[in-house]
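Let's go through a few together.

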Amino acid sequence: EAEAEAEAEVEAEVRLVGFERGKEAWAMSLAERLASQLKKKEQGNALFRRGEFERALRRYEASNSRAPEAADLAKAIEAASCGGDEEAASAANERKAAAEQVRLACLVNMAACQLRLGEHGAAAKSCSAALDIAPGSAKALFRRGQARLALAELSGAKEDLLAAAKADPKSREVRAALTQLKAAQGRAREEERGAFGGIFT
């Protein structure tokens, strides 16, 4: 009886009442682009929490594609500064900082998705891009260290994980990854001894 219920077919009819296409990023003002960037990031976060890593990854990528271009932000800052409007210049600087923070968070979150999906090379690239924005980001260093460890790039993993431990000394995740790294280094040494052991005896 339970099998019959599990195989029951369900039909539903959906009717589209209206549709309004969203603005393309190039047609948006700076404020609209910032709002759209943040909205896509928040959608990615909700998907990530539900374990929908592929969809979350696409939202984070969309968020970064909505981010205002650095040149546009620089023009807004320059225009406000040249006009003598300190308040507008300050607001433009705040927008630039906010856009970079969202971009940084998305890159680190993209790496988390990519690690869960087994895309270790892509995760390392996402973290490197994040580290271009914030060189001391503990999360970016940690996740790039995880990616490099999975790729058996042990010296790079060690460098990243030690830097992450220095940036966030209380992180249990980093300490656990350092333990994994130590075990991987031990296995690599054993494999090396096995490969070269017979040659020199």
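Q: What makes the pair Asp160 and Arg144 a salt bridge?
A: In this predicted model, the side chains of Asp160 and Arg144 meet at 2.8 Å, N to O. The cut-off is 4 Å between a side-chain nitrogen of Lys or Arg and a carboxyl oxygen of Asp or Glu, so the pair qualifies. The two residues link distant parts of the chain: Asp160 sits in helix H8 (residues 154–167) and Arg144 in helix H7 (residues 138–150), 16 residues apart.

Q: Why is Asp160 called buried?
A: Its relative accessible area is 1%.

Q: How do you know whether Arg144 is buried or exposed?
A: Arg144 has 13% relative accessibility, and because that is under 20%, Arg144 counts as buried.

Q: What makes Arg148 and Glu153 a salt bridge?
A: Their side chains meet at 3.9 Å, N to O. That value is within the 4 Å limit, so the pair counts. Arg148 and Glu153 also belong to a network of salt bridges that links them with Arg144 and Asp160.

Q: Why do Arg148 and Glu153 get the labels they have?
A: Arg148 is at 18% relative accessibility, under the 20% cut-off, so Arg148 is buried. Glu153 is at 39%, between 20% and 50%, and is therefore partly exposed.

Q: How do you know that Arg55 and Glu52 form a salt bridge?
A: The N to O value for their side chains is 2.6 Å, and the rule asks for a distance within 4 Å, so they pass. By this rule the count comes to six salt bridges.

Q: What makes Asn64 buried or exposed?
A: Asn64, which lies in helix H3 (residues 53–66), has 14% relative accessibility; that is under 20%, so Asn64 is buried. Leaving aside neighbours within four places in sequence, Asn64 is in contact with Gln37, Val102, Arg103, Cys106, Leu107 and Met110.

Q: How many helices and strands does the protein have, and what share of residues is buried?
A: There are nine helices and zero strands. Buried residues make up 32% of the 201 residues.

Key:
Residues numbered from 1 in each chain as written. Predicted model: local features only at pLDDT ≥ 70, side-chain atom pairs only at ≥ 80, totals over all residues. Heavy atoms only, no water. Helix = DSSP H or I, 4+ residues; strand = E, 2+ residues; numbered from the N terminus. Buried < 20%, exposed > 50% of the residue type's maximum accessible area, 1.4 Å probe, protein only. Contact = heavy atoms within 4.5 Å.
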